[in-house]
Amino acid sequence: FFSSHKMSFQRFSGVNALEKRRTLEEERKSRILDDRSRGMGIDVAVLDAQVAEKNRIRQHNKELDDLYNNQMNQLDEHCCAVQKEVNEFRRQREKEDNNFRMGYQRKEQRREWDLQDPKRLVKEPPTRLGDVDPRLGASSIQVFGGEDVNWPTRKKAMQEQVRTWTQQQVDEKDVRKWAQYENDRQFAERDEEMNYKAHQMAKGLADERKRIAIETAYFNKSLSEQQKMEAHRNKFREQQVNMAEIQQALDSDMLTENPMATLNAQDATRFKNDHMKGLLSHQRQAIMDEQSRQRRELAERRQAAAAEERAWDTLQHQQTRNAILLDRQRARESRSKIQALSDERRQQAFEAAERHHALKKLYSNDIGEEFQGKFGSSIR
């Protein structure tokens, strides 16, 4: 109910906004089309009103989005609560199943427990309890192992007990299955109901937005057509004014260049300062002669500058050539000095080697036969 009320309020607000815009547009048309009330320049008030209208539409769309988001949040919270309830129910059911297993499905209560009991032999009675054992007959001496007189009766009792337990388990399983089916059915119904409500809400919002978009598009189309017509009308008026202005300018003395309109009223040889349309033939000839003289002077200056530039180039080339020749002469002298120095050092090395050889030969102390012959020749 709350959602439908909000949607109705929003639809009513949208209709009021549309009517308000249409009223403003009619007022604007009346102001624009009326020559007496139409002003020149930009209508600041209308622009401010348009900005305020756009801001109000933007705020209205924001409120719609906030409402949709709030409803989706509420639906999400409701789904989370339902999921939490389902999880709690499943946890409680699992807890009850575990309690039932601990209370009624222990291993001691199994029908095969008498075969799997590790203390089975300890619990069994001995073969004989004494001479007065009622299990022994008059001619009995001992009880043979493996004898079981009450086996058929015990077997029927065990089978009946197994059937009873089986039926009980089947009934309990059917009850749990039916309870699970009922819970699943209720959960599916609630889930389907919530999905249907969410679909209806989303569909209502989409329809409302679509309607607003259609009305806005229709309004914008009408406004565009009106603006085009107004622009065409203004363009036609401006063309008429321009054509009249052009025709007036073509017929004026300024463009026709009436020579009588350029002369001074007091002196026919002078021109008006603000209305001169050209020079006389002798004045134009004098200007052309002066231009020819200036061109000749410019050509002569350029030729002189070119000759000076060529002289400077020749001088620079000669200086460069002299510098290259001087560098080559210095390089030859440097190589000659290096060669002389190398020859001198080579001669000095040769003389040093000669002196070393002579000194080595002079001061050598070789041991000969004369020195060896002196050993063992002395007598004490």
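Helices (H or I, at least four residues) and strands (E, at least two) are DSSP runs, numbered from the N terminus. The model is predicted, so that local features need pLDDT of at least 70 and side-chain atom pairs count only at pLDDT 80 or more, while totals for chains, interfaces and linings use all residues. Residues are numbered from 1 along each chain as its sequence is written, and side-chain values use heavy atoms, with hydrogens and water left out.

**View 1. Overall make-up of the protein.** The protein has eight helices and zero strands, giving the pattern α-α-α-α-α-α-α-α along the sequence. Of its 380 residues, 9% count as buried, where buried means under 20% relative accessible area, exposed over 50%, and partly exposed in between (1.4 Å probe, protein chains only).

**View 2. Packing of helix 2 against helix 5.** Helix 2 (residues 44-104) and helix 5 pack with their axes 12 Å apart and at an angle of about 175 degrees; axes are lines fitted to C-alpha atoms, for helices over the stretch in contact, and angles run from 0 to 180 degrees between N-to-C directions. The two helices are therefore roughly antiparallel to each other, a term for angles over 145 degrees. The residues of this contact divide into 14 nonpolar, six polar and eight charged, with Ala, Val, Leu, Ile, Met, Phe, Trp, Tyr, Cys and Pro counted as nonpolar, Asp, Glu, Lys and Arg as charged, and the others, Gly among them, as polar.

**View 3. A nonpolar patch that includes Met-243.** Met-243 lies in helix 5 (residues 151-250) and, at 55% relative accessibility, counts as exposed. Together with Ile-246 and Leu-250, Met-243 makes a nonpolar surface patch of about 310 Å². Patches are made of residues with over 30% relative accessible area and no salt bridge, nonpolar side chains (Val, Leu, Ile, Met, Phe, Trp, Tyr) being joined within 5 Å and like charges within 9 Å; accessible areas come from the Shrake-Rupley method with a 1.4 Å probe, and for residues only the protein chains shown count as cover.

View 4. Glu-189 is partly exposed at 44% relative accessibility, as is Arg-185 at 31%.

Key
Salt bridge = Lys/Arg side-chain N within 4 Å of Asp/Glu carboxyl O. Parallel < 35°, antiparallel > 145°, perpendicular 65-115°, else oblique.
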